[in-house]
There are 2 protein chains.
Amino acid sequence: MGRPRSEEARRAVLDAAYAILVETGLGRFSTEAVASRSGVARTTIYRWWPTRGLLAIESFLDAFRAQLVYAETGDPLTDFRALLDSLVRVLSGPAGLVAASVMAEAQSDPETRRVFLEVFSVPLRRESARLLGRGIEGGVLRADLDLAVVLDAAVGAVYMRLLLGQPLDADWSNRLADTVLRGCLPGPDR
Amino acid sequence: MGRPRSEEARRAVLDAAYAILVETGLGRFSTEAVASRSGVARTTIYRWWPTRGLLAIESFLDAFRAQLVYAETGDPLTDFRALLDSLVRVLSGPAGLVAASVMAEAQSDPETRRVFLEVFSVPLRRESARLLGRGIEGGVLRADLDLAVVLDAAVGAVYMRLLLGQPLDADWSNRLADTVLRGCLPGPDR
């Protein structure tokens, strides 16, 4: 029965890590504090997460992902709006401060940046691209869409407002979706 | 002749500060190092810039601004493209690493964030908005454009790629301008 016990311990570590992150930010986050709070041995934690950065990011992404809305309404534009809106909503709360700390840490720690990209940024982009791709297939979005750049603009706008401490709310999220999608609609090349 | 001498000293301080920033990043940047390199007394520097953060950011913005292209060709869309392209070009060099350091510092220091907004971000947005506004007046851009969100998307995309360490080059800059401007063109509400 080693597997279930490991899974429970893994869950306890991620939950404890996330609680500490939200309370204190990345500055005072340590594997020792997580071990103490979770009751899981430090050596075990180090075996799974060699650095505190990897543990912090995975715990954050784990909690973060659970809050993003991956809807399947049959209308890919509605689903894309819901995903963008959930990203904005989650980042407007405590997770936003953690995300900003992680982005800051990533500027001096390449490993933090790599994990952020691999575990969070790339999957979010892949899902967003899938939704817009379905819009193209369905003919509601134009076929020559520059998907990569559209996602840079949509997600980049959210990150920028987060990092500059500017309000993230549902009204702005709707305006962002309107603005981004308008450039994606089919129509004559004007 | 106190004024010219002050201006010379101010210039020497900003140049020394920028050179140190480029060489070592914000981590090891200190007013003492700037005083030593510029030959201007520490007390004088502190009188002008009460914190190292304010000095670092102003020196960076001073050098940065000089490299942005504020063209006046009579075609506001061309001018907007040139400004966006120059922003991307400058951030792809050493100034990009400094900008990323400043953005990281801003996550734990509200004063750094305030100065970044006030001295750099707001003026850049104001100039960009002015160019797009002229496009609206001239009828080449649609009148109901959500200018604030268009700029969030355009500039946010640049910041995001910078902070995630992804390539910033002229090809991507052109694709960004194409994508952003396409959503700004007049046309039937589809």
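1. Gly39(A), which follows α2(A), has a positive phi near 75 degrees.

2. This is a predicted model, in which local features need pLDDT of at least 70 and side-chain atom pairs count only at pLDDT 80 or more, whereas totals for chains, interfaces and linings use all residues. Residues are numbered from 1 along each chain as its sequence is written, chains are lettered from A in the order in which they are written, and side-chain values use heavy atoms, with hydrogens and water left out.

3. A rotation of 180 degrees with 0.0 Å of shift along its axis superposes chain A on chain B, with an RMSD of 0.0 Å, which is the relation of a two-fold axis. The C-alpha of chain A nearest the axis belongs to Gly183(A), at 1.7 Å. Both copies use the same surface, since 100% of the contact residues of chain A (contact being heavy atoms within 4.5 Å) recur in chain B.

4. Helix α8 (residues 147-163) of chain A packs against helix α8 (residues 147-163) of chain B at an angle of about 80 degrees, with the axes 6 Å apart, which makes the two helices roughly perpendicular (65 to 115 degrees). Among the residues making this contact are Tyr159(A) and Met160(A) of α8(A) and Tyr159(B) and Met160(B) of α8(B).

Note on methods:
Axes are lines fitted to C-alpha atoms, for helices over the stretch in contact, and angles run from 0 to 180 degrees between N-to-C directions. Helices (H or I, at least four residues) and strands (E, at least two) are DSSP runs, numbered from the N terminus. Angles under 35 degrees count as roughly parallel, over 145 as roughly antiparallel, 65 to 115 as roughly perpendicular and the rest as oblique. Copies are superposed by least squares on the C-alpha atoms of residues with pLDDT of at least 70 in both.
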